[in-house]
Amino acid sequence: MPVPASVRIAVSVLQNRLAAAGSLLLVGLLLPWWSAFILVAALILAHQVLISAWRVEFRAWPEQAEAQRKTSYLFELGMGEAAKEIRIFGLAGWLVGGHMRQWTDAMMPVWRARRRTRVRGLLAVLPLAGATALLLMLLVARMRSGQADTAAATSAAAGIIAVVAGLDPQTSVLSQRGGQTLKALLALPESISSVKAEKRGLANVSPESTYSIRFEDVAFRYPGQDHDILAGLNLEIHASESFALVGVNGAGKSTLVKLLAGVMRPTRGRITVNGADLTEIDPSQWQRRVAVVMQDFLRLPLTVAENVALRDLEPGETEMLDRLAERASFGKVVSGFPLGWNTPLDRNQEAGVELSVGQWQRLVLLRALWAAEHGAGILVLDEPAAALDIRAEAELVERFQELSAGRTTLTISHRFSVVRGADRIGVLDGGRIAEVGTHVELLGRQGRYAAMFEAQASLYLSDTDDFPRSTGA
């Protein structure tokens, strides 16, 4: 198993500190005792001043997090799967230029902070350089007077240089920041508890097996945007209903899911759960009641079981996993793994494997079913068949009614073969619900849904095919 970077750094720092301490002891033995004292005093002074300078620089970093993230994205884009397209389309110059601009934007505040502390760093290094020079001259004088032989002088000189080389204020500041971060993380549960205590009147989510959801005049605008992605949206999803949502890309379907899951709050309007305002429900309780399969789902380099349960399994839960895996068409996949449910989903680990995109899609569907078995009353599938082939899609559609039985289900897909079996279908257009009805009803209205359905169906029909445009057959 690879050694974590934090452990490697800690070991390296410890080695440097031990080497510096041993070298300092050697200097004290081979030179007068006060020489070690002078070296330590100069080293401590330089260390403290440089730490202060590094802190000024580090304070400039957090504000540049977004620029740093974009810089990392451009770098990974050029080094990852897009490298072939970048080469084919001649985008290397554009990518390098964009990376350099983002990197410059991210580093300019850091460079300004570094310039402000340059003089301070110089003043810190001068006493240390002077102490080092003084001890080296003392060593030369002792050699000339015969008080030290060549071997002792060489050892003392190496010890002086080793002590000075141990000056590492950057690592000290990083260690302090790491300690502060750890302290904050350890205090996080208490902080969350205190925040919950201040939120009086928050309703607890009743342990229902299903919920009724209402969106009332809901609008949402992302920060920095000049228009609403959702604008005056009204929608009711009945308890135990299988509801589907369709719409063009960018219509706000995934945004609606994030609002429903309590990840974001509406800019205007409200969302109610069994009549209670979602803002008055404890988010930690509500999110345990919602099982969401997102398009950009989480892929963890853990075992198969840990990727599903997101925790260690308790005795007897493997049988439940086997049963749910069959429902999600994942049973045959996991049975072929070398360690079964204990197989790491990471080829860099011993006996590890990598899943295809379609297999990952089935796994995250299984993750949602697992959550449903442990109290989730709402099953949300955001493009559940996006990475599946036609056969796998047919299997998913066949199991759809079984998966959603007894629970409120919201399915979002651009494939009408996935949504047509839902109890009701809504069309999201222009930030609002334009139409609601069954598949047959919406085709009969010859509105937005029918136009989208016919456009998609025409891709699979020849000019001689007779397409039933108004019967819904």
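A salt bridge here is a side-chain nitrogen of Lys or Arg within 4 Å of a carboxyl oxygen of Asp or Glu. By that rule the count comes to 11 salt bridges. What you're looking at is a predicted model, where local features need pLDDT of at least 70, side-chain atom pairs count only at pLDDT 80 or more, and totals for chains, interfaces and linings use all residues. Residues are numbered from 1 along each chain as its sequence is written, and side-chain values use heavy atoms, with hydrogens and water left out.

**The chain as a whole**

- The chain has 18 helices and 10 strands; these are DSSP runs numbered from the N terminus, with helices being H or I of at least four residues and strands being E of at least two.
- Of its 473 residues, 39% count as buried, where buried means under 20% relative accessible area, exposed means over 50%, and partly exposed is in between (1.4 Å probe, protein chains only).
- Take the contacts (heavy atoms within 4.5 Å) between residues at least 6 apart in sequence: 71% of them join residues at least 24 apart.

- Side chains of opposite charge can pair when their charged atoms come close.
- Glu236 and Arg214 meet through their side chains at 3.0 Å, N to O. Glu236 sits in strand 2 (residues 230-237) and Arg214 in strand 1 (residues 213-220), so this pair ties together parts that are 22 residues apart in sequence.
- Glu236 is partly exposed at 28% relative accessibility, and Arg214 is partly exposed too, at 35%.
- Arg214 and Glu236 also belong to a network of salt bridges that links them with Glu216, Arg270 and Asp277.
- Glu317 and Arg311 form another bridge, also listed at 3.0 Å, N to O. Glu317 is buried at 10% relative accessibility, while Arg311 is partly exposed at 30%.
- Glu373 and Arg327 pair up at 3.8 Å, N to O. This one links distant parts of the chain, with Glu373 in helix 14 (residues 357-373) and Arg327 in helix 12 (residues 317-327), 46 residues apart.
- Glu373 is partly exposed at 30%, whereas Arg327 is buried at 17%.

**A buried spot: Asn307**

- Asn307 belongs to helix 11 (residues 304-309), and it is buried, with 0% relative accessibility.
- A polar atom of the Asn307 side chain lies 2.9 Å from the backbone oxygen of Leu300.
- Setting aside neighbours within four places in sequence, Asn307 touches several residues, including Leu298, Arg299, Leu345, Trp360 and Arg367.

- Ile88, Phe89, Leu91 and Trp94 make a nonpolar surface patch of about 490 Å². Patches are made of residues with over 30% relative accessible area and no salt bridge; nonpolar side chains (Val, Leu, Ile, Met, Phe, Trp, Tyr) are joined within 5 Å, and like charges within 9 Å.
- Ile88, one of the patch members, lies in helix 4 (residues 83-88) and is exposed, with a relative accessible area of 66%.

**Towards the end of the numbering: Ala457**

- Ala457 is part of helix 18 (residues 448-457) and is buried at 16% relative accessible area.
- Its C-alpha atom is 9.9 Å from that of Arg415, a residue 42 places away along the chain.

Terms used. Accessible areas come from the Shrake-Rupley method with a 1.4 Å probe; for residues, only the protein chains shown count as cover. A polar contact is a pair of N or O atoms within 3.5 Å; within protein, one must be able to donate a hydrogen and the other to accept it, and residues adjacent in sequence count only if both atoms are side-chain atoms.
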